[in-house]
Amino acid sequence: MFDEVTDGGPLDGGAPGELTGRIIEPGVRFDEALVSWNITPGVDATIELRVAQLVIGGGGTEYNWSPWMFLGRTGDSKLASGEQRVVTSDLGKIDIDYFKAAKGVQCDALQYRVRFDAAKAGNTNPVRRVTVTVTNEANADWNAERLFTSGSTAKYARGWSVGATNAEVSLSVPFRSQRTQRPEIAGRICSPTSVSMALAFHGIDLPVLTVANTAFDSAHDIYGNWPRNVQAAYELGVNGYLTRMSNWRQVEDCLRLGWPVIASIQTKPGELRGAPYTQTDGHLIVIRGIDAAGNIMVNDPAAETPDKAIVVYNRDDLTRVWLQRTLGTAYVLQGKR
């Protein structure tokens, strides 16, 4: 994971209303990339990504870059009149909210760009944070992570083994149900409902529909766009990022810091025992703790009442439907901005 935090200070050079990140070279090949952002509320911004393959020839080493591809924007997600958004290339495409390489393709580098309304931003940098996570689905038992924050670096290579935990940890995350919201959208808002629970834990208690309206992706008519939910949380007052986790130690570390983990899961029939559903092609839950036996304490927004929603799921079950099935895709909401 590449996590770049800015101080919001003056922009240094570059085109007005544009911030281009440095070229990120993970040191390993990847076929998927997830990007999230925290951008000052009220500033209209478009976020783009390009990826590259390393080319070695007689003239030395260089990169073959894709065009800039549209990842998302703050505010209204609809196309402006006459606007064209590039979302495909020879190397891969943007699959709604993340980059997925073309079949058989693996990439070596990437770069992000943010274009924003300079008049609204003034002489300050509205981009407070950009987080990039790369993974290799073709070799999914390996997940590399590099963290860059304020000049510090660390590197880890991990598999998705369940990992050991030291002791029980539990966060008092308030419960919210998606099922008690407007009937026409109740089945579609697990993501903003989960975000609303994490916001309430951090002291920002808002109606689920307020969070849902903020996160709504009108271009795709969905509420579950991953980076839009992270940005919605930021606009409503809480810092956070999108990532992928590879073991339960990482989850425990977040929980001990007071950061609920919102996990994106996919389940086949019977894989998640005790859940208020038999299967799901995509669902989000709030991981709020680990019990003394090492099983996972969860708030599941798919249930209508706390007695059915505040549950403990078997660790092996969640390892299968989350760490393995979605490569541990998660939002981490850290606290008030």
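Predicted model: local features only at pLDDT ≥ 70, side-chain atom pairs only at ≥ 80, totals over all residues.
Local features need pLDDT of at least 70 and side-chain atom pairs count only at pLDDT 80 or more, while totals for chains, interfaces and linings use all residues. Numbering runs from 1 along each chain as its sequence is written, and side-chain values use heavy atoms, with hydrogens and water left out.

**Stop 1: serine 191.** Select helix H2, residues 190-201, which holds serine 191. Helices (H or I, at least four residues) and strands (E, at least two) are DSSP runs, numbered from the N terminus. Serine 191 is buried, at 1% relative accessibility. Buried means under 20% relative accessible area, exposed over 50%, partly exposed in between (1.4 Å probe, protein chains only).

**Stop 2: arginine 244 and glutamate 32.** The structure has 13 salt bridges. Each is a side-chain nitrogen of Lys or Arg within 4 Å of a carboxyl oxygen of Asp or Glu. Select arginine 244 and glutamate 32: their closest N and O atoms are 2.6 Å apart. Arginine 244 sits in strand E14 (residues 238-244) and glutamate 32 in strand E3 (residues 32-39), so the bridge ties together parts 212 residues apart in sequence. Arginine 244 is buried at 6%; glutamate 32 is buried at 3%.

**Stop 3: glutamate 252 and arginine 249.** Go to helix H5, residues 248-256. Here glutamate 252 and arginine 249 form a salt bridge of 3.3 Å, N to O. The two are three residues apart, about one helical turn. Glutamate 252 is buried at 1%. Arginine 249 is partly exposed at 26%.
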